[in-house]
Amino acid sequence: MRTDLHRHLTSPLTAVRNLGILAHVDAGKTTVTERILYVTGTTHKRGEVHDGTTVTDFDSQERDRGITIFAAAVSCAWDGHRINLIDTPGHVDFSDEVERSLRVLDGAIAVFDAVAGVEPQSESVWRRADRYGVPRIAFVNKLDRAGADLDSAVESIRERLHPAPLVVQLPIGTEDAFTGVVDLLRMRASVWADGSDTVEEGPVPEALRDEAHRRRRMLEEAVAELHPAALEEFCAHSSVSAATLAAALRDLTHSGEGVVVLCGSAYRNRGIEPLLEAVVAYLPSPLDVPAVRGTHRGTEQERHADPAAPFAGLVFKVNATATGRLTYVRVYSGTVRKGEAVWDVGAGRTERIGRILRVRADRYAELEHAVAGDIVALIGPKSARAGATLCAATAPLLLEPPSVADPVVSMAVEARRGTDTDRLVSALARLVEEDPSLVVRTDPETGQTVLSGMGELHLEVAVEKIRRAHGLEVGVGRPRVAYRETVLRGVSGLVYRHVKQDGGAGQFAHVVIDVEALDADEGAGEGSATGFVFRSTVVGGRVPQEYVRAVEAGCRDALAEGPLGGHPVTGLRVTLTDGATHSKDSSEMAFRTAGRLALREALRTCAMALLEPVVEVTVTVPDDAVGGVLGDLAARRGRVSGSLSRVGAAVITATVPLAELFGYATRLRSRTQGRGVFTTRPAGYAPAPGPASHETPAR
């Protein structure tokens, strides 16, 4: 059903769906998005990734590389509902874009490859969606491919993602003969003829009737196990009606206990209409999700999705260009109008809304106002960053921002011409403004400008963006990874006395600390790059509580640089066991200084180890290239953890130090004549080779 989008711009909230497309790279997310836009009448020509004609991959680098790099928002309408859709990246280097998108979504379509099933990044984004409580439906794509198997893909969902997969369709035909699906709720068949975009509905084909009834029975039993109303009807009548099934599937989707599974081939435009019907039927509207929570002056408050409530919205994306600044906002409550002033809670400043735009990737339609449930772009705010809260000045509320991962790869960047240095600084500032997962700093030893990000491709894309958008010639150094240092063997009873007297009030602080390695269940260990615990066992008030907090702050200061190479320190517990104060000269500043210097001295005494970031690599190669690829992984200090066979190919899983993967894409292509591909995902930290520890005699 094609529907006029303009007619639904003022749809009630029950007719709004805010959802994202999540998947592993190359599972078909962007093609699914393109077909949704085509079927809903938003576009009149099917865009193709390989032709560089897609709506959502509009950036020149996305079209050149054939992958989604930046999350793109589009809006369309279907059956009286407005669908705000965000196409997210599938590559691990751009997972921060996915994180920010998930924070503002009410639901999601998880796309899986019918041949590969659940892949590493599929699992990673699924876990992120779990963390934000985002309800999902699954779409098993590429059923027309050789080796496609719906049952195998569903089983991988059950085994690796752990929700109950509730399959509501039966494919008609296999591989190249895939022509349609059977709806197991209505027991009707939808068939797409070759070369036609029109779906024809009819009865279930005679050859599939028995299988369709068997699978309908399996669906009823699976739903009855999870849903009380369905169980009651099943026990009373030995079956479950389509209406009860639909209501139960919606409830189970919202609770996360089950995931509705559909199938199709987005490239051939088969299965998109039923997918849209499932979006409307099962995924929540802004009214179905819990009220957003925020804080004001330490008090937690709730805001419901009510256009009449005070305005509150979360910035999740910023596009900073030479001609202006687009601030993407999810409106959680209230109404915001063009020309109004809003309050940026984090920055503590007023921003004026110049224009409000409904977004369709790189095209926009102007609005007079936006209401709760909308995802729009604002022109006017000058300093709001991703994660900022915009709200009514009369009812301030700070919403929880999406988390930002620590960068793991760094490289030095410099302008080729000295006259371009200032332009490079400006370009880098704009990059960081758009992408909070990028960090720019100046190396204090070399004076070089260092750009840090989530991976080699992430940095490569950022540098190329500077070259293309700003016309700068940029030189880069070899990427470097972010090492950590940790405690292997601690020290007890280290005494540190900080005394300073230089006229006037002096400084006095006396502390005694123990330092020890954290246990694995406390956040340390090889798989973690975080972990610091501070506690005090001081009795008798020998160190007042405010000074204890100052000692902890000083210890945290000392964690910034370890004794092995100045890397951040992790995986340790510090215990303040004793101390002493002076009636006049003791202060919080003195105890903070004592805490910092005491821990620095203790770390020089401890046995320390260097940790390096490691990643889980999944390599898919032809059978005849397996030996060479395994040898190359071993040479890169990789530890193979699994291997399985597919039609004509092998899938190898290994844990490899990130530093050893620079340039691996080129090496893999040469070893496999361009037929090998690989993906990665972070796997924490592990001990680095070489001298395992550093220890100096106690003073």
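Which residues of helix α14 (residues 626-635) are buried? Select Val626, Val629, Asp632 and Leu633 to see them; buried means under 20% relative accessible area, exposed over 50% and partly exposed in between, with a 1.4 Å probe and protein chains only. These residues lie on the same side of α14 because they cover an arc of only 130° around the axis, the arc being that of the directions from the helix axis to the C-beta atoms. Helices (H or I, at least four residues) and strands (E, at least two) are DSSP runs, numbered from the N terminus.

The model is predicted: local features need pLDDT of at least 70, side-chain atom pairs count only at pLDDT 80 or more, and totals for chains, interfaces and linings use all residues. Residues are numbered from 1 along each chain as its sequence is written, and side-chain values use heavy atoms, with hydrogens and water left out.

**Around α14**

Next, display β36 (607-622), β38 (649-657) and α15 (664-671), against which the buried residues of α14 pack. Contact here means heavy atoms within 4.5 Å. Turn to the face of α14 that points away from its buried side, where Gly627, Ala634 and Ala635 are exposed. Just after the helix, select Arg637, which takes a positive phi of about 65°.

**The nonpolar cores**

Move to the largest nonpolar core, which has 49 residues. Such a core is a set of buried Ala, Val, Leu, Ile, Met, Phe, Trp, Tyr and Cys residues joined through side-chain atoms within 4.5 Å. Ile109, Ile137, Val182 and Val223 have the most contacts inside this core. Helix α9 (residues 272-282) contributes the largest share of the core, seven residues. Apart from this core lies another, of 35 residues, among them Ala427, Leu451, Val474 and Val629. Val629 is also one of the buried residues of α14.

Return to Val223 and show its surroundings. With neighbours within four places in sequence left aside, Val223 is in contact with Leu166, Ala230, Leu245, Ala248, Leu249 and Leu252.

**Strand pairings**

Select β13, β12 and β24, three strands that form an open sheet in the order β13-β12-β24 with antiparallel pairing. Two strands pair if DSSP finds at least two bridges between them. At the edges stand β13 (299-303) and β24 (398-399); each has a single partner strand, so one side of each is left without a neighbour in the sheet. Five bridges join β12 (residues 292-296) to β13 in the antiparallel sense, and Thr295 has Glu300 in β13 as its bridge partner.

Then select β35 (residues 572-580), which pairs with β32 (residues 507-517) in the antiparallel sense over eight bridges. In this region Ile513 stands opposite Leu576 of β35. Strand β33 (residues 532-536) pairs with β35 in the parallel sense over five bridges, and Val533 stands opposite Arg573 of β35.

Select Thr593 in helix α13 (residues 588-605). At 14% relative accessibility, Thr593 counts as buried. A polar atom of the Thr593 side chain lies 2.9 Å from the backbone oxygen of Met589. Leaving aside neighbours within four places in sequence, Thr593 is in contact with His498 and Gln507.

Finish with Cys555 and Cys606. Cys555 is buried because its relative accessibility is 0%, and Cys606 is buried with a relative accessible area of 0%. A search of the whole structure finds zero disulfides, a disulfide being a pair of cysteine sulfur atoms within 2.5 Å.

How values were computed. Polar contact = N/O pair within 3.5 Å; in protein donor to acceptor, adjacent residues only side chain to side chain.
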